[in-house]
Amino acid sequence: MNGANLDDLVDLLGRWASGRGPLYLLLAARLRALIDDGVLPPDEQLPPDRVLARRLAVGRGTVVAAYDLLQQEGRLVRRQGSGTRVAALDLPATRTADGVPANPLLQHILHPPDGVQLLTCAAPHDPPAAMFEAYAEAGAHLAGAHDLGYQPAGVMALRTALAAYYTGRGLPTTPDEIIVTTGAQQALTLLASLLLAPGDAVLTETPTYPGALEVFRHAAAVVKPAAGIEDLRRRPALAYFVPTARNPDGAIMDNPARRRLATLAAEHDVPLIDDEVRAELCFSGETPPPLAAFGRGEHVITVGSMSKLVWGGLRVGWIRAAAPLISRLARLRAVHDLGGEVFSQFASAALLRRLDEVRAARVRTLRARHDHLCAELRARLPSWSFEPALGGQTIWVRVPRGDVDSFSQVALRHGVAVPPGRSFDPLGGHADRMRLHFLFPEEELSRAVNNLAAAWASYNGAGRAVSRHTLIV
């Protein structure tokens, strides 16, 4: 599209205002799709807000708010004197074999750059032997089964095992309070689809998991950072917290704060998502109680997954919530894909029976690699600062000058892909931070730090236009 041709843009926007919710969110959603699909390419000039507002027959404030929201997300760059442009990509735009533009958010997964260590994706690379044994057990179970395999809520064997798991952690649970999903990401997507309407407010921590932020934005919700637990008094439509081994910094919330958070959710009638994907990865060896175990748990929705504990490719997650909500989620799930892959669910049920063994081995490995990464950073990059993690798979690192958006470009040229801190902030802050995972073996972590040190030595701290980021998990 020619940036000067207003009519072309209006045609591309189509029936953008026909949905539900505030006009600025609908306009931002349509522009976001055009940018992410490559229809509006990097550096494309967009019309001035007054001009576009007049052409769309809306108030100027609608276009200004849409542009500002996309600027916060890193999709647009606005400068006085040069107008509004589509932000540059982190990587050169590519096309698939059929000529369809690849979504830039998926670039490092769809097209991994050659010879680059990916510190953008924090999921285990090395599945344990127990996983293969669990699949063998699942195969033996299914050999004599006479079942269609379409189970939107998940196979009963896994739902029963998960109910027992939560009951054992002090949260009495029945299988009717469990739905199995294709990973925690689908769990968040289903919840957002069911609980959010365009323009609804979602309260999150900052920093927090960027995959959740993208889900909420896709639902056309307004994501607001929480200054503290008491912000639940603002009565958002939904709240999202990661109290255990938080992504990105590995922090763990203490029990009094957990109790207060669950209590406020009940008092102010706020659905509260407790993301427990990394809950079994605490370095102390003890798993804190889920938020729903404190007081009235009907307002707390617990999300979990096997992918961080066992292997990234084991796409089995779940939601633990009140039975009526689970029933609604199952009906919604049936519309999407009729149910998850059954073989992996039986294997996951077998893995849950060996949870202590699997967890101990994974935590032992993670803690050793965490300590190695911290030592390497202190030795090679002493000007960088960070707090050691209490659990999980990542640490949150601060650089003393410049911004990580620009440094990430230098790091990429030195063979390391790092996720900038802005991706973890609902308002695009934390530009001086990055998340580093410690999932690689020690020798690979050493090589990554060596490359980061070389990149840092050549980095002059100069900023650049904010750009979109690769998918971060």
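For volume I use the space filled by probe spheres set on the points, with grid points joined across faces, edges and corners.

I note that this is a predicted model, in which local features need pLDDT of at least 70, side-chain atom pairs count only at pLDDT 80 or more, and totals for chains, interfaces and linings use all residues. Residues are numbered from 1 along each chain as its sequence is written, and side-chain values use heavy atoms, with hydrogens and water left out.

I searched the whole structure and found five cavities of 30 Å³ or more, and the largest cavity holds about 130 Å³ of space. Its lining has 16 residues, of which Tyr165, Glu280, Ser305, Leu309 and Trp318 are the closest to its centre.

I then looked up which elements build this lining, taking helices (H or I, at least four residues) and strands (E, at least two) as DSSP runs numbered from the N terminus. Helix 7 (156–168) and strand 10 (300–305) each give at least two residues, and strand 10 has the largest share, with three residues.

I turned next to the sheet, where two strands pair if DSSP finds at least two bridges between them. Seven strands make an open sheet of mixed pairing, in the order 5-11-10-9-8-6-7, with strand 5 (178–181) and strand 7 (222–225) at the edges. Strand 9 (residues 272–275) runs parallel to strand 10 and is joined to strand 10 by four bridges, and Leu272 has Val300 as its bridge partner in strand 10.

Note on methods. 1 Å grid on protein atoms, 1.4 Å probe; cavity = no way out; pocket = protein on both sides within 12 Å on 5 of 7 lines; lining within 4 Å.
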